[in-house]
Every structure is written in structure tokens, then in C-alpha cells.
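I am keeping short notes on what I looked up in this structure. The entries follow in the order in which I made them.

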Amino acid sequence: MKKEQVVNCQFSVWYPIFKKHTIKSLILPLPQNVIDYLLDDGTLVVSGSDHNTQQTQTNNSDSDAEEDIQPEMSCFCQAPEFPEFTSKVLEAINSLGGRVFPKLNWSAPRDANWIALNSSLQCRSLSDIFLLFKSSDFITHDLTQPFLQCSDQDSPDPVINYELVLRKWSELIPGGEFRCFVKENKLIAISPRDYTQYYQHILKQEEQISQAIQDFFSQHIQYNFLDEDCEHQPGRVWLIDLNPFGEVTDSLLFTWGELTSGEVAEQQEGPAFRYTTSEVTVQPSPCLSYRIPRDFVDLSTGEDAYKLIDFLKLKKSQQEESEEEEEQENAPQ
Ligand SMILES: Nc1ncnc2c1ncn2[C@@H]1O[C@H](COP(=O)(O)OP(=O)(O)OP(=O)(O)O)[C@@H](O)[C@H]1O
Ligand SMILES: [Mg+2]
């Protein structure tokens, strides 16, 4: 996978070409101060609310706001505000019906949906979007290392103009979405997007589904994209997304070895269609591992005695340290 392919798979590159076949969306340039805010680890406060009253406790010792605060008091920070950007985003959300699915140039914050109050990527305000973006490793990947897995590492990184993509919220059926792998303008493989679950309708309608995808591909997608090797997901003959053809994209029920070597394409006439065929092979959601750290789970359930012992030791040493400090302060001068 080359850097150029990654550049061609940015939302603002493919959306104008396939606008008719995908969900209505708006693209807003992301100002540099918003990018800085998203990447700032210390700030736990969520910006972008309609009323500027949100205050949250933070431990960030580098924070500018801390300078105004007396030592030894809890630090309360005001979230940074971006009034102009906020009003543009709200206007865009309203024009898309009030509920949107947010993403950056390539990725949506799929790993962070558990943190939202509605456990979903559905957003109604900029603060909903910020909460998801600031909690997502996928968003950080887009912002910091979009060319990480490219083979042409020696060439300079292309300049990226970051964009906030707002897509009209649509109730998509998980079992109705398929990822299609396209190599040299040929549709070589199809896998359900939600490959960890068993869907009876896929088993029953394998032929019809495969045919509908092939028809859609040859009529609307083939030869229309700038890049020969790309991957897309038509869910019931709607295009949802385009991804680079390479390791950075989840190969679902295939392996990248099979897809790139031509092994899959050579085996048959049409595309290879793989799906989960029984309840027995159902797997947990791949995004579960992005939730809270494993240590938290082990500690709260008391399942790992050693971690509990370490935690208690840590607490004890912290307590001793603070007692020592107190003694020093109370000592006569
Ligand atoms: N407009 C929308 N409304 C509701 N759900 C959506 C919308 N667009 C996408 N989704 C859901 O979110 C999922 C992820 O979307 P999308 O593929 O755009 O994210 P992504 O970060 O590019 O994922 P990947 O890295 O796997 O390509 C889709 O498979 C679909 O189920
Ligand atoms: Mg994608």
C-alpha cells in the first residue's frame, strides 16, 4: 500500500465521485486549534457545548489554567471554546436532520462508542463529537500516523488537510453490510462487515446478495475510482465507505496474504464470498478490547490477587508519602 492510495481514500476525495450512491454528508475543514485540542492529552474537559457552563476536574499539572489556581486546591478548568467552528458544525448538523455520524478524513471513532451516554456514534452537538474523538485511538491514528503501514516510507508524507465529516444518521442493519475487496479494478472478495455474528439471511440468500453486490459494483464503482486497488462496503447497494487495499484495513474473514497474492481471485470466476455459517463460531466484538484497561476489570472483580496486592502496596506507599509531607509541614520552623 502506497501513501498515494491512502490519500485517495480520504472522504473528501471519494465522496464527490460517489455522492449519488452514498449517505448524504458534509465536510468541514478542521481548524488547527481544534486539532491541537483533540490531541491534547491533559485536557479532560469536553468543549463544544451549546452553553459554556461545563467544568470538569483535571489533574493536568501542565495546564495553563492551573497558574491562576492556588496550590493544593483541586484544579478546575474551563473547556476551550471554538465559537465560530461550533456554529458551523451546529448549522451542518441541523441541515442533516439533527443527528449525525462523525468521522475524520478516514476513520470514525468506532472504538469509543461505549463512552457516549447513548453508547452510539450518533451525535447531536459538537460536544458529543469531541467526547468520541478525544476518546478514540482510531481518530488519533488519523491525526498522527495516517501513513504508518505504507510501503513507501522513504518518500515524504503528503500534506493532509484535516476535515470533519458529518454524515446524516442512518439506521443501518448490521447484517446488511458487506466489505468488498477490489484488486486491479476487479471485485475479488466479499465478507460481511459484522463477521463475528451469524446471520441466517446471509446463508439463505448468499447467491442474491453476491449478485446484487456484483451488479452494483460493475454499474457504479468499477473504473470510477482514482485508485485501482480500493475496498468498499456497499450495504444493500449503498456505498458506505472506501478504504485502502492493505493491512491498515481489517480484512475480516480473509487474510491480507490471500487477498494480495491472488490466491482468492484465482480460485473462482466471481468474487469469493465468506461468512459465518453457524452460531458456534460467533466471536466477541473486535472493538471490546478498546474499552477500559484490563487492570481496572481485574481489580474491580478481584480476579487477579497479585494485581490487588500491587494496588494495595501502591496505596500504602502513597499514604506514607503524604503522612511524611504533612509531618514536615507541621514541623517547627
Ligand atoms: N451515516 C451513518 N449513520 C449510522 N451509522 C453509520 C453511518 N455511516 C456508517 N455507519 C456505521 O458505522 C460503521 C463504520 O463506518 P465507517 O466504515 O465509515 O467507519 P471507518 O472508521 O471508516 O471504519 P473502517 O476503518 O472499518 O473502514 C459502518 O459500518 C456503519 O455500520
Ligand atoms: Mg474506513
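In which helix do E84 and K88 both lie, and how many residues apart are they? I found both in helix α4 (residues 83-95), four residues apart, about one turn of the helix; helices here are DSSP runs of H or I with at least four residues, and strands are runs of E with at least two, numbered from the N terminus.

I noted that this is a predicted model, in which local features need pLDDT of at least 70 and side-chain atom pairs count only at pLDDT 80 or more, while totals for chains, interfaces and linings use all residues. Residues are numbered from 1 along each chain as its sequence is written, and side-chain values use heavy atoms, with hydrogens and water left out.

Next I looked up salt bridges (a side-chain nitrogen of Lys or Arg within 4 Å of a carboxyl oxygen of Asp or Glu), and the count came to six. E84 and K88 form one of them, their closest N and O atoms being 3.9 Å apart. Another joins K3 and D157 at 2.8 Å, N to O, and this pair links distant parts of the chain, with K3 in helix α1 (residues 3-8) and D157 in the loop between α6 (137-144) and β5 (163-168), 154 residues apart.

I then checked accessibility, where buried means under 20% relative accessible area, exposed over 50% and partly exposed in between (1.4 Å probe, protein chains only). K3 is buried at 2%, whereas D157 is partly exposed at 48%. E84 is exposed at 59%, and K88 is partly exposed at 44%.

Methods
Chains lettered and ligands numbered in written order.
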